[in-house]
Amino acid sequence: MNLRDTPEQARFRSDVRDWLAANLPPGWGTPAVRAPQDGEARVVFGRAWQRKLHDGGYAGLEWPRAYGGRGASAIESLIFGEEYARLRAPELLQLAVGTHLVGPTLIACGTEAQRELHLAPILRGDAIWCQGFSEPSAGSDLASLRTRGDVQGDSVVVTGQKIWTSFAQHADWCILVVRTDPNARRHRGLSFLLVDMKSPGITIRPLREITGEAWFNEVFFDAVRVPIANVVGTLHRGWDVVVTTLAHERGSSASYARLAATLAKLTDLSRRTRSASGNGSVAADPRIRERLAQYWIEIAVLRMSAYRSASALEADAVPGAEGSTLKLAWSELEQRVLDTAIEISGLAGLLAEDEAEAIDAGFWGRELLWSRAATIYAGTSEVQRNILAQRVLGLPRAPRA
């Protein structure tokens, strides 16, 4: 592993930086700019930006060229993420399921017909996907899910409920895991489906979050017919496909780069904020300086870990359980960074952007609230620790009570 760019990587970094600087939407690249908050407007904005990324050759970076991607290396993907975060380019959470999860899963496990139908629309931003994994009684323990898929002729008839389904109200398609063999063991008897969200029998109820937004949803399936041709992998063996999807969800990524951009903003905030004593800025407080320095050290460690994971991916092209290390570390660090932000800014840091005394257009309060989800989505911190204990350290499972 080499943390210095090779000449080829340096050229790629320069190309990314120049392209983003020339193509960012108007006003982007400054701390105060946000994507539209109205749901429909956000979707329109996201689709347009995704299409621009696609036209510039920066959509599906690691996808093989044969499927419309760039065929970039895992290291180049990290470089892109670092430059993307540095220039504060738009986050495209509503499109991430398609580009980061569905595409790689179909490339690895799907049929040629499924790839031909779905991959190009994902890259162009024409199709938004959601992820139907979690249920009210099956979140972290996904294998205990109860949504039923009854095989009837050339269809799987789905009945049940999913929850915490991001952007389901805007999605065109859903990757859905259902139990098709109720007599099989927990991890057996599951099937992985591609579901058209316009199918009869689907009801979506948005869930309002503490941020005031409604990204999450409850999704109800009432005898929804899904063609057998939409099964990914083998019927009743969907857990193998789930593992592939989750490995990509938790695998090597440049999440540390977004966090580094937030920490840079926090460091600046500490310099702009007067200390309680009135003697200089908060940045002069040795306790705050020590804490910020510790955060920078941890981000440097995260970056090295991400590059190590990316180097391993380039060697065997299979994401491993080590991705849980990154997810666990950055999600918990993000919460500590934002807790410190509120400590520095005081109560004004919690004000919404429409409040006259809000700091940085309400950025800190909004990010603090959103960060509470970081240790839950993509597998809770407890799940990540279990994965690391069993699959990386080789420790035995705890005996059942």
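Let me begin with a term: a residue is called buried under 20% relative accessible area, exposed over 50%, and partly exposed in between, with a 1.4 Å probe and protein chains only. The model before you is predicted, so local features need pLDDT of at least 70 and side-chain atom pairs count only at pLDDT 80 or more, while totals for chains, interfaces and linings use all residues. Residues are numbered from 1 along each chain as its sequence is written, and side-chain values use heavy atoms, with hydrogens and water left out.

I turn now to salt bridges. A salt bridge is here a side-chain nitrogen of Lys or Arg within 4 Å of a carboxyl oxygen of Asp or Glu. By this rule the model has 23 salt bridges. When I name helices and strands, I mean DSSP runs numbered from the N terminus: helices are H or I with at least four residues, and strands are E with at least two.

R42 belongs to helix α2 (residues 39-55), whereas E213 sits in the loop between β6 (202-206) and β7 (217-227); the pair is 171 residues apart and links distant parts of the chain. Both R42 and E213 are buried.

A second salt bridge joins the side chains of D172 and K198 at 3.5 Å, N to O. This pair, too, links distant parts of the chain, 26 residues apart: D172 lies in the loop between β3 (155-162) and β4 (173-179), and K198 in the loop between β5 (190-196) and β6. Are D172 and K198 buried or exposed? D172 has a relative accessible area of 15% and is therefore buried. K198 is at 62% relative accessibility, so K198 counts as exposed.

R287 counts as exposed because its relative accessibility is 62%. D285, with a relative accessible area of 22%, is partly exposed. Elsewhere, salt bridges that share partners join D5, R13, R17, E82, E83, R86 and R303 into one network.

Next, the strands. Two strands are said to pair if DSSP finds at least two bridges between them. How many bridges join β2 to β3? There are five, and the two strands run antiparallel. Within this pairing, V151 has V156 in β3 as its bridge partner. The hairpin of β2 and β3 has two residues between the strands, and G153 in this hairpin takes a positive phi near 65°. β3 also pairs with β7, in the antiparallel sense, over seven bridges; here S155 has P227 in β7 as its bridge partner. β7 is in turn joined to β6 by five bridges, again in antiparallel fashion, and F220 in β7 is the bridge partner of T203.

A remark on backbone angles follows. Most residues other than glycine have a negative phi. R88, although not a glycine, has a positive phi of about 55°. R88 is located in the loop between α3 (74-86) and α4 (93-109). H236, also not a glycine, has a positive phi of about 75°, and its place is in the loop between β8 (231-232) and α6 (238-250).

Let us now examine two buried positions. A138 lies in the loop between β1 (129-132) and β2 (148-152), and counts as buried because its relative accessibility is 0%. Contact means heavy atoms within 4.5 Å. Not counting residues up to four places away in sequence, A138 touches F133, S144 and L145. T267, in helix α7 (residues 255-272), is at 12% relative accessibility and so counts as buried. With the same exclusion of residues up to four places away in sequence, T267 touches L292 and W296.

Finally, a helix pair. Helix α9 (residues 323-345) and helix α11 (residues 381-392) pack at an angle of about 145°, with their axes 9 Å apart. Axes are lines fitted to C-alpha atoms, for helices over the stretch in contact, and angles run from 0 to 180 degrees between N-to-C directions. At this contact, S324, T325, K327, L328, S331 and E332 in α9 meet S381, Q384, R385, I387 and L388 in α11.
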